[in-house]
Amino acid sequence: MDTAWTNELSIGNAVIDSEHQNLIVMIDRIESMIKARDVSSLSQELEQLEHSLCAHFVNEERLAEAVNFPFDKNKQEHLFVLKEFQRMKDELLAKKGAWTDSAAKDYSNFLSNWLSGHVIRRIC
Ligand SMILES: [Fe+2]
(Lines give C-alpha, C1' and ligand atoms only; values in the text may rest on other atoms or scores of the structure.)
Protein backbone atom coordinates (compact mmCIF):
# COMPACT_ATOMS: atom_id res chain seq x y z
CA MET A 1 0.00 0.00 0.00
CA ASP A 2 1.29 3.44 -0.86
CA THR A 3 -0.55 5.29 1.88
CA ALA A 4 1.54 6.21 4.90
CA TRP A 5 0.51 8.54 7.67
CA THR A 6 1.91 12.05 7.57
CA ASN A 7 0.85 15.13 9.50
CA GLU A 8 -0.56 16.52 6.26
CA LEU A 9 -3.31 13.91 6.50
CA SER A 10 -4.46 15.25 9.84
CA ILE A 11 -7.96 16.68 9.97
CA GLY A 12 -7.19 18.28 13.33
CA ASN A 13 -9.21 15.86 15.43
CA ALA A 14 -7.04 13.55 17.55
CA VAL A 15 -9.59 10.71 17.68
CA ILE A 16 -10.26 10.65 13.95
CA ASP A 17 -6.57 11.05 13.12
CA SER A 18 -5.72 8.16 15.42
CA GLU A 19 -8.41 6.00 13.80
CA HIS A 20 -7.14 6.88 10.32
CA GLN A 21 -3.61 5.93 11.36
CA ASN A 22 -4.90 2.65 12.75
CA LEU A 23 -6.83 1.90 9.55
CA ILE A 24 -3.67 2.49 7.49
CA VAL A 25 -1.73 0.02 9.66
CA MET A 26 -4.50 -2.59 9.64
CA ILE A 27 -5.01 -2.45 5.88
CA ASP A 28 -1.27 -2.71 5.35
CA ARG A 29 -1.23 -5.86 7.52
CA ILE A 30 -4.23 -7.33 5.72
CA GLU A 31 -2.65 -6.74 2.34
CA SER A 32 0.43 -8.65 3.48
CA MET A 33 -1.75 -11.51 4.77
CA ILE A 34 -3.70 -11.67 1.51
CA LYS A 35 -0.46 -11.81 -0.44
CA ALA A 36 0.93 -14.53 1.87
CA ARG A 37 -2.43 -16.41 1.93
CA ASP A 38 -2.21 -16.37 5.72
CA VAL A 39 -5.84 -17.38 6.20
CA SER A 40 -5.84 -17.93 9.95
CA SER A 41 -4.41 -14.48 10.72
CA LEU A 42 -6.48 -12.91 7.94
CA SER A 43 -9.79 -14.04 9.40
CA GLN A 44 -9.09 -12.40 12.74
CA GLU A 45 -7.68 -9.23 11.17
CA LEU A 46 -10.66 -8.83 8.82
CA GLU A 47 -13.04 -9.10 11.78
CA GLN A 48 -11.03 -6.46 13.63
CA LEU A 49 -10.98 -4.17 10.59
CA GLU A 50 -14.74 -4.49 10.20
CA HIS A 51 -15.21 -3.58 13.85
CA SER A 52 -12.80 -0.63 13.52
CA LEU A 53 -14.48 0.62 10.35
CA CYS A 54 -17.92 0.53 11.97
CA ALA A 55 -16.68 2.37 15.06
CA HIS A 56 -14.81 4.91 12.95
CA PHE A 57 -17.81 5.68 10.77
CA VAL A 58 -20.04 6.13 13.81
CA ASN A 59 -17.49 8.53 15.31
CA GLU A 60 -17.29 10.55 12.11
CA GLU A 61 -21.06 10.71 11.77
CA ARG A 62 -21.45 11.85 15.38
CA LEU A 63 -18.73 14.47 14.93
CA ALA A 64 -20.35 15.83 11.75
CA GLU A 65 -23.74 15.90 13.44
CA ALA A 66 -22.32 17.78 16.43
CA VAL A 67 -21.11 20.61 14.20
CA ASN A 68 -24.06 20.48 11.77
CA PHE A 69 -21.82 19.42 8.92
CA PRO A 70 -23.83 18.02 5.98
CA PHE A 71 -22.85 14.37 5.94
CA ASP A 72 -25.54 12.45 4.04
CA LYS A 73 -23.30 11.71 1.07
CA ASN A 74 -20.56 10.47 3.41
CA LYS A 75 -23.02 8.25 5.27
CA GLN A 76 -23.99 6.67 1.97
CA GLU A 77 -20.32 6.10 1.20
CA HIS A 78 -19.84 4.49 4.61
CA LEU A 79 -22.73 2.08 3.98
CA PHE A 80 -21.40 1.25 0.52
CA VAL A 81 -17.87 0.60 1.80
CA LEU A 82 -19.09 -1.58 4.66
CA LYS A 83 -21.25 -3.62 2.29
CA GLU A 84 -18.40 -4.04 -0.20
CA PHE A 85 -15.96 -4.85 2.58
CA GLN A 86 -18.28 -7.52 3.99
CA ARG A 87 -18.74 -9.00 0.51
CA MET A 88 -14.96 -9.11 0.06
CA LYS A 89 -14.39 -10.57 3.53
CA ASP A 90 -16.94 -13.35 2.97
CA GLU A 91 -15.44 -14.13 -0.42
CA LEU A 92 -11.88 -14.20 0.92
CA LEU A 93 -12.74 -16.44 3.87
CA ALA A 94 -14.76 -18.82 1.67
CA LYS A 95 -11.79 -19.24 -0.66
CA LYS A 96 -9.54 -20.31 2.24
CA GLY A 97 -6.39 -19.01 0.62
CA ALA A 98 -7.15 -20.40 -2.83
CA TRP A 99 -7.05 -17.11 -4.68
CA THR A 100 -4.90 -16.16 -7.62
CA ASP A 101 -2.20 -13.51 -7.46
CA SER A 102 -4.41 -11.37 -9.66
CA ALA A 103 -7.35 -11.71 -7.24
CA ALA A 104 -5.03 -10.90 -4.32
CA LYS A 105 -4.06 -7.71 -6.12
CA ASP A 106 -7.73 -6.84 -6.71
CA TYR A 107 -8.54 -7.28 -3.01
CA SER A 108 -5.57 -5.14 -2.02
CA ASN A 109 -6.48 -2.50 -4.55
CA PHE A 110 -10.01 -2.28 -3.21
CA LEU A 111 -8.71 -1.66 0.31
CA SER A 112 -5.93 0.72 -0.73
CA ASN A 113 -8.06 2.71 -3.12
CA TRP A 114 -10.82 3.15 -0.61
CA LEU A 115 -8.39 4.10 2.17
CA SER A 116 -6.45 6.52 0.00
CA GLY A 117 -9.65 8.19 -1.11
CA HIS A 118 -11.08 8.30 2.37
CA VAL A 119 -8.04 9.60 4.22
CA ILE A 120 -6.23 11.61 1.57
CA ARG A 121 -9.29 13.28 0.08
CA ARG A 122 -10.55 13.68 3.63
CA ILE A 123 -13.98 12.28 2.88
CA CYS A 124 -14.27 11.08 6.48
FE1 LIG B 1 -12.42 8.64 8.21
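Author: A donor is an N, O or S atom within 2.8 Å of a metal such as the one here. Keep that in mind as we look at this predicted model. In sequence, the donor residues of its iron ion follow the spacing H-x35-H-x3-E-x57-H.

Reader: What makes H20, H56, E60 and H118 donors of the iron ion?

Author: Their distances do. NE2 of H20, NE2 of H56, OE of E60 and NE2 of H118 lie 1.8 to 2.1 Å from the iron ion. The cut-off is 2.8 Å, so these N and O atoms count as donors.

Reader: Why is the site of the iron ion called tetrahedral?

Author: Look at the angles among its four donor atoms, which run from 87 to 127°.

Reader: Are H56 and E60 buried or exposed, and how do you know?

Author: Buried means under 20% relative accessible area. H56 has 1%, so it is buried, and E60 has 3%, so it is buried too.

Reader: What about S52, and where is it?

Author: S52 is also placed in helix 2. Its relative accessibility is 12%, under the 20% limit, so S52 counts as buried. Leaving aside residues up to four places away in sequence, S52 touches N22, L23 and M26.

Reader: Which residues have the most contacts inside the largest nonpolar core?

Author: They are I34 and L49, in a core of 26 residues. Helix 1 (14-36), helix 2, helix 3 (72-95) and helix 4 (101-120) each supply at least two of the core's residues. I34 touches L42, L92, W99, A104, Y107 and L111, again not counting residues up to four places away in sequence.

Reader: Why is D90 called partly exposed?

Author: D90, found in helix 3, has 49% relative accessibility. Exposed means over 50% and buried means under 20%, so D90 falls in between and counts as partly exposed. D90 and L46 are 44 residues apart in sequence, and their C-alpha atoms are 9.7 Å apart in space.

Reader: What makes the phi of R37 worth a look?

Author: Most residues other than glycine have a negative phi. Phi of R37 is near 55°, which is positive, and R37 is not a glycine. N68 also has a positive phi near 55° without being a glycine.

Reader: Where are R37 and N68 found, and how do you know how exposed they are?

Author: R37 sits in the loop between helix 1 and helix 2, and N68 in the loop between helix 2 and helix 3. At 30% relative accessibility, R37 lies between the 20% and 50% limits, so it counts as partly exposed. N68 reaches 71%, over the 50% limit, so N68 is exposed.

Conventions
Residues are numbered from 1 along each chain as its sequence is written. This is a predicted model: local features need pLDDT of at least 70, side-chain atom pairs count only at pLDDT 80 or more; totals for chains, interfaces and linings use all residues. Side-chain values use heavy atoms; hydrogens and water are left out. Donors are N, O and S atoms within 2.8 Å of the metal (3.2 Å for Na, K and Ca); water is not among the atoms, so sites may look incomplete. Four donors count as tetrahedral if all angles lie between 85 and 135 degrees; four count as square planar and six as octahedral if opposite donors are over 155 degrees apart and all others between 65 and 115; anything else is irregular. Buried means under 20% relative accessible area, exposed over 50%, partly exposed in between (1.4 Å probe, protein chains only). A nonpolar core is a set of buried Ala, Val, Leu, Ile, Met, Phe, Trp, Tyr and Cys residues joined through side-chain atoms within 4.5 Å. Helices (H or I, at least four residues) and strands (E, at least two) are DSSP runs, numbered from the N terminus. Contact means heavy atoms within 4.5 Å.
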